[in-house]
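Thank you all for coming; I would like to take a few minutes to walk through one structure with you. Please have a look at it first, and then I will go through the surface and the confidence values.

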Amino acid sequence: MIPLPRAWLLTSAIMVGTAAGLLAGVAATSLITARVRPDVTVGLVVGVPAIIGMLVILFSRRRWMTALGVFLVSMVPGWFGVLVAIEGASGV
């Protein structure tokens with residue numbers, strides 16, 4: 001059984017995770033100047049936090065671990081949104 005925290009804590013983890021993903025995407029884009037293939041970038045940005053977050057949720061034994069997994073999974077849309085905006089602005 002996955003221990004679920006209160007609803008306000010889960011929604012807070014989602015909101016903060018999306019904002020953190022947005023900031024992480026902007027920071028990573030400004031710090032990394034090497035040319036990387038777009039498919040590799042999308043695979044890393046979407047795959048790594050989603051897989052780690054889902055594993056944390058599935059194997060959580062405490063409520064705060066479930067909230068941490070939700071936070072990690074919710075980083076994906078913010079980070080991916082930054083990548084889409086940059087690709088769209090650069091015309092690629």
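What you see is a predicted model, and the protein chain averages a pLDDT of 90, with 99% of the residues scoring at least 70. If we look at the helices, confidence is highest in α1, at a mean of 93, and lowest in α2, at 90.

Turning to the surface, Leu31, Ile32, Val36, Val40, Leu44, Val48 and Ile52 together form a nonpolar patch, and their accessible area comes to about 650 Å². Which helix gives the most to this patch? That is helix α2, covering residues 38-58, which supplies 4 residues. Leu31, another member of the patch, is placed in helix α1, which covers residues 7-31. Leu31 counts as exposed because its relative accessibility is 70%, and the cut-off for exposed is over 50%.

Now to the charged side chains, where a search of the whole structure finds 1 salt bridge. Which residue does Asp39 pair with in a salt bridge? The partner is Arg37, and the closest N and O atoms of the two are 2.7 Å apart.

Terms used: Residues numbered from 1 in each chain as written. Predicted model: local features only at pLDDT ≥ 70, side-chain atom pairs only at ≥ 80, totals over all residues. Heavy atoms only, no water. Patch = residues over 30% accessible without salt bridge, like charges linked within 9 Å, V, L, I, M, F, W, Y side chains within 5 Å. Areas by Shrake-Rupley, 256 points an atom, 1.4 Å probe, with all protein chains shown as cover. Salt bridge = Lys/Arg side-chain N within 4 Å of Asp/Glu carboxyl O. Helix = DSSP H or I, 4+ residues; strand = E, 2+ residues; numbered from the N terminus. Buried < 20%, exposed > 50% of the residue type's maximum accessible area, 1.4 Å probe, protein only. pLDDT = per-residue confidence, 0-100.
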